[in-house]
Structures are given as structure tokens and as C-alpha cells.
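Here is a short briefing on one protein model. Look at the sequence and the structure first, then read the points below.

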Amino acid sequence: MWYNAPDNIEINSSDIHLWRRKLESSDQEIKTLFNILNEEEQTKAKRFVLAQHQRRFIVARTTLKIILSNYLKIAPNQIKFEYSSRGKPTLIKDINPNKLEFNVSHSEELALYGITRDRLIGVDVEYNSPIPDAEQLAKRFFCPQEYEIIRPLTSPEKEQTFFQLWTAKEAYLKATGEGISGGLDQIFVSLKTKPKFLALPHSGKPLTDWTLFTLTPQTGYLASVVVQGNHCALKYWELNQSVF
């Protein structure tokens, strides 16, 4: 499913490129990657108390810059972002003539990067860990219909369904730029149908201008990708040495 990307990566308006990156790295590689960060990012990295959190931040952020640099044909340290009022990053216009959109998510030791051209995208990945209070969390944060789906399930299906719903909702809210403060109960996720879809919680009417993909990017992880529009093809890329 996951392929090594070509040296000269290209993307068209119907493509969705999903990149996978394991965050384990050697101390020597971390030193090299650290130099790709700008001064503000380096300061942020140094604030992490735990070494593993600092390492994950450095690898995840520099990998994003390296991936984007391959599309934009510029050096990774030339990648610059601007931020919305809710903190969503986008590429500055001066370096983005093809209107690339991107989104990033990482959990434990895995990061996912979604890249599109001129269409919004949201990505969320979660490590599928035990959640004893999954039912209570669903009742508090999810739509009533979703709670009724989760309530009768037993472990581990209960936790798996919880994460499938959670990642789909968060991916959508990241794509729109609202973030989790936009309310997890403002969108209903249908997982029992093919294709899976997003809908308004009260009417159940599908949001036909959004497409949802759910996947298992690696054993022990669940993820969702939400993109604006339809008629799109998802391609899976694995980072190889030539990217670095």
C-alpha cells in the first residue's frame, strides 16, 4: 500500500498524497534535522521537558518542511508558514504558486502528512490505546447516534470504534480550520456504510462536498483523512532516503 515516492514528486488537483513517517531517529539525525528549523521552531523544541517529545517535534516538523520542499522545488529551510486566527498553518503565498494545502498529525511514534492542491484537507492519527472511559467520553462529546453505536460494544471493538469516530471528526475540524473547539458533536460520522460519509447530526444529510477516508496506517494506529470535494484519488507515500 505504501510506496517510495519518486525523486520529482508532482501532484494534480484530483490527487491526495498521504505520507507516512516513523518518528524514531538517531541522535546524529536529530542534530542534522534541528538545523532545518527556524529560530522560533528551535526555541519551541528546546522548551520540551522530555527528550522523546522534543525528538518527535523536531522530526515531525522538519519532515513536513522536507516533504513540502520536494513539491515546491526549494530548500526545506525556505519553507515558511502563516497562521489563521485559530492557529491553522498554511504556506505563505510567495512560495506556493500551485496552491498546495497540507495537514499534519502525529501520535506516539508515527506521523502522517496530507498534501493536496487547491482543496482543503485534514488528517488525524491516533495510537489505539485502551480507553476505559470511551463510552462516557462518547456520551459527552459525540452525537447521540454515535453514542448509541458505541454503547453496546465491548472491548476492543468499543475503543476501535471510538478512535475511528474521533479521528474522522478531528480531521474534518482540522480541514475547516475550526479545530477541536468547533465541537465534536457538530458532525455525524457514518462508519457502517460504503462509502463512509460525514453528515449533519440532526438531519443525517450527507455533506456531499467532503470526502472521508479511514485507514490503519500501521499496526496499532487508526487514522482519517477528510478532503474538500470528491472525485479524488488517495496515494500512499513512504519517505525514502532520497527525500532527505
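What volume does the largest pocket have? The largest pocket has a volume of about 860 Å³. The model is predicted: local features need pLDDT of at least 70, side-chain atom pairs count only at pLDDT 80 or more, and totals for chains, interfaces and linings use all residues. Residues are numbered from 1 along each chain as its sequence is written, and side-chain values use heavy atoms, without hydrogens and water.

**The largest pocket**

- A pocket is an open set of points on a 1 Å grid over the protein atoms alone, where a 1.4 Å probe fits, with protein on both sides within 12 Å along at least five of seven lines; lining residues have an atom within 4 Å of a point.
- Its volume is the space filled by probe spheres set on the points, which are joined across faces, edges and corners.
- There are 35 lining residues, and the closest to the centre of the pocket are Lys44, Arg61, Tyr83, Gly87 and Pro89.
- Helix H3 (51–72) is among the elements that give two or more residues to the lining, and with seven residues H3 gives the largest share.
- Helices (H or I, at least four residues) and strands (E, at least two) are DSSP runs, numbered from the N terminus.

**The sheet**

- Five strands form an open sheet with mixed pairing, in the order S1-S12-S2-S6-S5; two strands pair if DSSP finds at least two bridges between them.
- Strand S1 (3–4) and S5 are the edge strands, each pairing on one side only.
- Strand S2 (residues 15–22) pairs with strand S12 (residues 233–238) in the parallel sense over six bridges.
- Arg20 stands opposite Glu238 in S12.
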